[in-house]
Structures are given as structure tokens and as C-alpha cells.
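I opened my notebook to get to know a protein that was new to me. Here is what I looked up, entry by entry.

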Amino acid sequence: MTHEASPADSAPDSTLASTADSSADSSPDSSLDTALAHFESKLAYPLDPFQRNACERLEAGRSVLVAAPTGSGKTTVAEFAVYLARRESNAKIFYTAPIKALSNQKFHELCAEYGEDEVGLLTGDVNLRGDAPIVVMTTEVLRNMIYAASPTLTDLAFVVLDEVHYLGDRFRGAVWEEIILHLPRTVRLVSLSATVSNAEEFGDWMHAVRGETDVVLSEHRPVPLYQHVLTTKALMPLFVDREGELARAGKVNPELWMLGNRGRGGRGGRDSGRDGGRDGGRNSRDRGRSRGGPPQRRTSRISRGDIARALDETQLLPAIVFIFSRNGCDQAVRQCMYEGIALTTREEREEIRRVAHRLVDSLSEEDRRVLETREWIAGLERGVAAHHAGLLPAFKAVVEELFQRRLVKLVFATETLALGINMPARAVVIERLDKFNGEQRVPLTSGEFTQLTGRAGRRGIDVEGHSVVVWSDSVDVEDLSQLAGTRSFPVKSTFRPTANMAVNLLQRLSYSQARDTLELSFAQFQADRAVVDQARELQAAQSSLQGYEKAAARAQGSDKKRWDDRARKLRRQLERGRRQVANRTGTIARTFERVVEELLELGYLVGDTRDGGVEVAPYGEMLRRIYGERDLLIAECLRHDLWRGLDANGLAAMCCALTYEPRRDDEAVDRGPGGKFGQAFDRVLDRWVELDDLAEHYRLPRADMPHAGLAAAMYDWSKGSTLEKVLETSGLGAGDFVRWTKQTIDLLDQVSQACDVAVYHDGLSDDAVRLSVLGALARDAKRSIKRGIVEASSSS
């Protein structure tokens, strides 16, 4: 039963509706003039049961969490929410996406459907028709609007949270929780998720904090997905039926067991292969070497050209090959060209040139040379391209367009492409089953594997999809079969209170209300569920302890000692378990308390937590405008004038140093452009050390040290240096440089807005002139770096 959540609810529940049990009443009543009937009449395809189920619940005035496989048509539910909003007078709908590329793509789709005047776009880079009835935005933009109590939220009826399983992202996941917690309860949520194994738990939490929310599950993939392994000899099925033919699921291909055993020096045969698989494969190889056995012959490497030829010969193009390295993607294109790969016809090459030159002709001759556009177009004409964050957004957009039109046949991409960008592929190839996480190589998780392979086979385009893993000696057949057979993964909250979150909450709520709100987080919900399970275990252990004590009381001699020892050991385990339960309960709220204590000590808050009378101090109002991991450090820089002496160029370099994150921990520390920047940067580092000590004192997460590795290049760029020079200075690709420049622009915007607070806040009157000058300097710095290729990329 679905019910409205209230504080008295001890176990809030959401209505769970799977396709298996919803088809009986899935047909719309033709006698009723329903919105859904009108909507469906405009579609080129009939609704699936799960789509109809979710749409009916939306029309009934409820929120929905839709968890279904990639490519199953979840966005149709979001499109129905847009349709519902447009039927209501003055109703607005926000469509949020985790990345700007997805926001841009959805914006163009909605413009084509409803007209440009009806759709706006807010991504930080772009502020276009923000008062339109349909607005597409990134999740961070919506979070900031909520905290700022933006008037744009007036008449908001729906919010679509696309890729809501991103809530588990350790860097940005908290933003989704903040939105879900703080949006007015009158706003209905349309949350779209990949198939996650704890969708019911997620739905229960949303029901508890939002009210009537239904979970609609579907595990049916409308386009069947077949799994393969590409070896040096053939493209082999991973799963086979009784006749040994390709199957979607079933037993693992015996030939792969044998191939795996040969690579590991085994005797062959399915049973020995399975033992090797359970052993992890790697252990058996290590044992073979430790015994001093003969060297094992390694399998020949399968080149990128071999991959292209195999996909072409088996008619599995267009395809995406996932390579977990930007440099690897670029090298793969060059290798294919070197090996003479050509996948296009003459007519296709002519159309590719026309589309590519539409972009290239808008660039200066110098930029074309620096960006190596001639080589890029040559790859496109062969039907081969790279796609990763190091490319300019405009270049990625061209690749996406050509791939969607099936002109480019083979794209080598990093995993960011798996985030729902519309690039329909017949096949997906995974070159390796592990990737570098910044510290070491780690195996792909089942969730990552599912997300990547989910790109294969798009509804309405392909009748089936294909996943291909490239064979190497490191592939373990058992591990691969488990990855391929596990089609879901859990969402785990990464939510934690921050300084910015605390001042924004306390600006709107009392201390106790803010604390209670944070106890509603999904992180706390999951912790409490775990506590319940642990409490059951403790209860069982307590019964065992009573049994041990009774046995000890009856026994004598050595038997008594044995029972006493068991009881003593279990008693210690019980004590430890009870302490763990006590520590886990209220974890989020206690972290919030420590954040508040830190901010009280620093003067961003005033009052006393003992009587709940905590208020936001004047400089706390400035902190409210600053978002990101280094929010508190940046606020301290503004407050204590740590950037004194900087001009606009130096301020651009400083904001770059406060946003830039090197890709490798061992990247050499750079002191930036020197001079007054160096002096100011030293003051910033000194304050960072003090804040780091304070965070340690309050047992709070600590921000990474600022890194000036890109500051010199940003300084040169702000002074008018050429793109060629700054790329040479920074050692970055053009796409990376543009991305970090946009991050710098975003921080300069925050700084200018924070400084503007001083103009109207009486408590900051003593610093009003200084901060007003700094705010103007931030705007000058923004103009100095938002030029050329950066400005051109702002709308991409």
C-alpha cells in the first residue's frame, strides 16, 4: 500500500510495480479522454508495460522512480512528464542531467519537439531562457537555485532526475540527495535509473522524504544483448545453448574454458578450467612460476586494426570500443589509419567532410593547425574517431552527430561516453577488464560493465546488441561470466555535510530542523537499515552467550574452561558490536554538528548549539555563494584579503589553482607565474595548512592542497597568449584546457557574486569597498579568459 509519509511512520514503503505484475491492468481505458491516451497516440510505437505503468502513476499525481536497463526507453516516461506539465497552465518542468553534454543533447531534442521559445538551458556555461516553461540544466545548477530560493522555482510542477543512480558518485553524488531532500514536496519527481539491485530501498527512502513515490521496475531489455569474446582466431560466444550455439545466457562456452587453461598452462577441459577460474587464474599462474616450470607462451596481442576488421566482417558496426585512457583512444585511431582501415563509401566520405568543415571553417588558421584538424578529418573520413574529455566539446559533438547518422562506424572512447549520451551502437567492445583509478589498476565492477555494455543495441534501430571482450592472457573466464551475468548493482550514498551546505541550511532552517533534515539523507537511511540487520545479529549472539553461560555453569574442569573461554570471546564481540551500532546511528547528524562547531570557531556562524540559536554570520552569507571542495578555503581568502596585490590576470591564475586537480598524484608541483601571484599563493597554502589542522581536530574530511600546475598557462591565456603556447606550457590537450578554463570561469563567477553580498549587507560594510573592487576584478578576469576557443566552446 502506498501512503503519505509522516514522522510516525516506522517503515515507510513505496509501491513496487514490476512489469511482471502490472500488465494485467496496463491498457488505458479507451472511454476516458486521458492525457496518457493523447500522448500515446502521438508516439510511433506502443508503450511497454513498465512505461505505461509509470505514466499512469504520474498522471495520478504521484512521483516515480523508474529503474530499467539502458536502452529500454525510460526517457519516454520523462517525455510524458513534460507533456503533462505543458497541459497545465503556468506549470514548469526542469529536466536535469549529470553532465553538460547530456544537458545540451536533451535541450536540442526538446527544442525540436516544443519549439525554441518553450525550452531553456542552464549549465553554468550557458544561461538561455531560464524562465521558459521547460528548462534543461545540470544537477548542480538546480541545487544552487534551491539554496538561493530562486524565483524560477515558482510554479515548478515536475523535476526529471536523469541517471539518478549517479547519487552513488563519490565526488558529486551528494548533489542529488540535496535536491531530493530540499525541493518543495509539491514538486513531483521523475527519477530515471539504470537497473540497480537496491531500487526498492532507494524507492522506500524517496517515499519517506518526498511522500507518494512509486518504484517501477523492469528487467526486460527490449533489444537482446549477446556476449562475445574476440580471440586471435575468431569471435567466440561467451554463453552457448545445449547445441553450442550463441545464447543470451546459459553455460559458458567450453572452448573459452580450454583457451583460458592453455594460457595458464593447465591441462584443458571444462572442470579444470572452472577450478582455475575459482582460483582466480592469477594464483595458478603465480604457482606455476614459483615451481620453476617452463615459460608459458603468451597469446598474440589483438591490435586495434584487428578489432576493426573483425567487427566489420561480422557486421557488428557501428561500434564503440571502450579504452580507459585518452591517449589510448587517440593512438587507436592512428593505429587504424596506419593499418589501412577504411569503413566508409565515397558518398559517406563526402558527407563527413561537409559536416566536419562546418566546424573547422569557423576556426582560425592557427587553431586548425594546433588542433591538428587535418589528421582528425582524415580519421573521420575512414569512419574512425576518438571520443574523450580531452577533446574540444565541438569536436565531440561532430563525432556524436556522425556516429548517430552511422557515417562514422567505429569510435574509441573512454567510459564517460557510457553516461547516457545518445550514440546508438550495434556493438560495444571492452578492451580490458581493469582500469587505472589514479592509484592502481582495479577490476571493472559489475555496475561499470553493465553501464558500458548497455550502450549496445538501441531500441528502434537495432534488433539485437552485442558486447565483445577482447581476449588476453589476463582474462579470467569465470570472472568474465560473472560480470556478464550480473546485470545490476547497488546505489550507495556518498552524502556528507559540507561548510557550504551547513550555512545554506541554517540560513533557511533552525539548527534542530537542519539536523533533522540531514538525518533524512539516504546515507542515514542506509546506515539505519544496516543497524537493524546488525542488531538482529547481536540478538542472536546474545542468545548464544546465554547458552554458553548455562553450559559453563553445568560443566566442570577443562569443559568448564572451554565454555568460559567461548563466553568471554563472544561477550567481547557483543560489546564491540554494540559500540559500532551506537557509533553508526546519527552519523550524518554528528558530522553536521562538527561542521557547525568548526564554522562557529571561524566566525561564519554565531550562536550556541546548546540552545539551538545558531545563525549565519555576515561572512557566512558569502560562504553560501561558494560551492566545491575548497569552499571554506576560498571564503577565507576573501575574508582575510589573501589575494591582495593580484591583478585580473593573477586572479584568473589563482582561481585556476583553486579548481585544478592534476590527473596524477605525482604531477610535479608548479609555483605558477611567480611574482605577486607566488606571494599570494604562499599565503593561500599557509591558510590551507591551518584549515587542514582544524579539519583534523574536528574529525572532518580535508580538502586537497591547491595545485598551481595550470596557473602559469592560465595567466598567459588571460594576457592574450595563443592557444598553441598555453597548450605547450600546460602539457594538456585542448579539451582539457578548455574544461579547466570553464571551471575557473565558474569560480570567478562565484567570487564576484560572493563579493556582491558586501554591497547590501550591513555586517560587511567595513570591507565593502575592498570586496567591491575584488568582485569587479573577478569579472575582468572572467572576460580575459572567456575568449577564442573557450568562448566558442561555451555553447557546446
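I began with Ala 149, which counts as exposed because its relative accessibility is 54%. My cut-offs were under 20% relative accessible area for buried, over 50% for exposed and partly exposed in between (1.4 Å probe, protein chains only). Though not a glycine, Ala 149 has a positive phi of about 50 degrees. I found Ala 149 in the loop between α6 (139-147) and β7 (156-161); helices (H or I, at least four residues) and strands (E, at least two) are DSSP runs, numbered from the N terminus.

A note on the source: this is a predicted model, where local features need pLDDT of at least 70, side-chain atom pairs count only at pLDDT 80 or more, and totals for chains, interfaces and linings use all residues. Residues are numbered from 1 along each chain as its sequence is written, and side-chain values use heavy atoms, with hydrogens and water left out.

Next I turned to Arg 699, in the loop between α28 (675-697) and α29 (711-718). Arg 699 is not a glycine either, yet has a positive phi of about 55 degrees. Its relative accessible area is 61%, so Arg 699 is exposed.

Then I checked a peptide bond: the one joining Leu 317 and Pro 318 is cis, with omega about 0 degrees. Pro 318 is in the loop between α12 (304-313) and β14 (319-322). I jotted down that most residues other than glycine have a negative phi, and most peptide bonds are trans.

How many residues of helix α20 (residues 499-508) are buried? I noted eight of ten, among them Met 501 and Leu 505.
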